[in-house]
Amino acid sequence: MLNHNFLCQIFQKNTLFCRHEPQESTTTDAISRFFSLILQSNTAQASIIMKRLLFCIIATSLSLMAVAKEPESYAEASFTRTTADLGFINEAKGIARCEFEFTNTGNAPLIIIEAKASCGCTNPDYPRQPIAPGKKGKIKVKFNPAGGSGGFRKTIIVKTNGREKRTSLYLEGSIIPRK
């Protein structure tokens, strides 16, 4: 609450307002007395007082604007898993498939810009339409084991408009070669 003592503290007790004995007053009384004394004081003193008052008003306004800032909108892909273990894959049986399911846990639509595999034997397919907040999507991956043998670990880089711009997904397993 604005009162005589508060205004004296702000203006460092160097105004005509603060040289008088403090009185019990309401906020309205203190403000009207303050401005009437400013008008009665000399020009230099009034200028200093008005600059301090303007500074207080600006500082208060900036503080209120910072607090009242609207929440940031963002998209975020939360994957249920980032590694798919395909186990043992028989080369003769051909293409192996798996899916990576995700949810948009943000508050703005999620757009998958690109899903790119580390080599040509892995082919990711991703949704081209924006995923609404709270909705789910899937990245479907095909892995061709032809010509391979032994253990493997393939990487799929998913680029989005989300907070985390890049997410790495992994396929791993072992290829059993044809006999």
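This is a predicted model: local features need pLDDT of at least 70, side-chain atom pairs count only at pLDDT 80 or more; totals for chains, interfaces and linings use all residues.
What percentage of the 179 residues of the protein chain count as buried?

View 1. Of the 179 residues in the protein chain, 31% count as buried.

**View 2. The 4 helices and 8 strands of the protein chain.** Following the sequence, the elements come in the pattern α-α-α-α-β-β-β-β-β-β-β-β. Contacts can also be sorted by how far apart their residues are in sequence. Taking contacts in the protein chain between residues at least 6 apart in sequence, 62% join residues at least 24 apart.

**View 3. An open sheet of 4 strands.** The strands stand in the order β2-β8-β7-β4, and their pairing is mixed. At the edges are β2 (83-90) and β4 (112-117). Each of these two has a single partner strand, so one side of each is left without a neighbour in the sheet. Neighbouring strands of this sheet are turned against each other by 20 degrees on average, direction ignored.

**View 4. The pairing of β4 with β7.** Strand β7 covers residues 150-160. β4 and β7 pair in the antiparallel sense, over 5 bridges. Which residue in β7 stands opposite Ala-117? The residue opposite Ala-117 is Ile-156.

Terms used. Residues are numbered from 1 along each chain as its sequence is written. Side-chain values use heavy atoms; hydrogens and water are left out. Buried means under 20% relative accessible area, exposed over 50%, partly exposed in between (1.4 Å probe, protein chains only). Contact means heavy atoms within 4.5 Å. Two strands pair if DSSP finds at least two bridges between them. Axes are lines fitted to C-alpha atoms, for helices over the stretch in contact, and angles run from 0 to 180 degrees between N-to-C directions.
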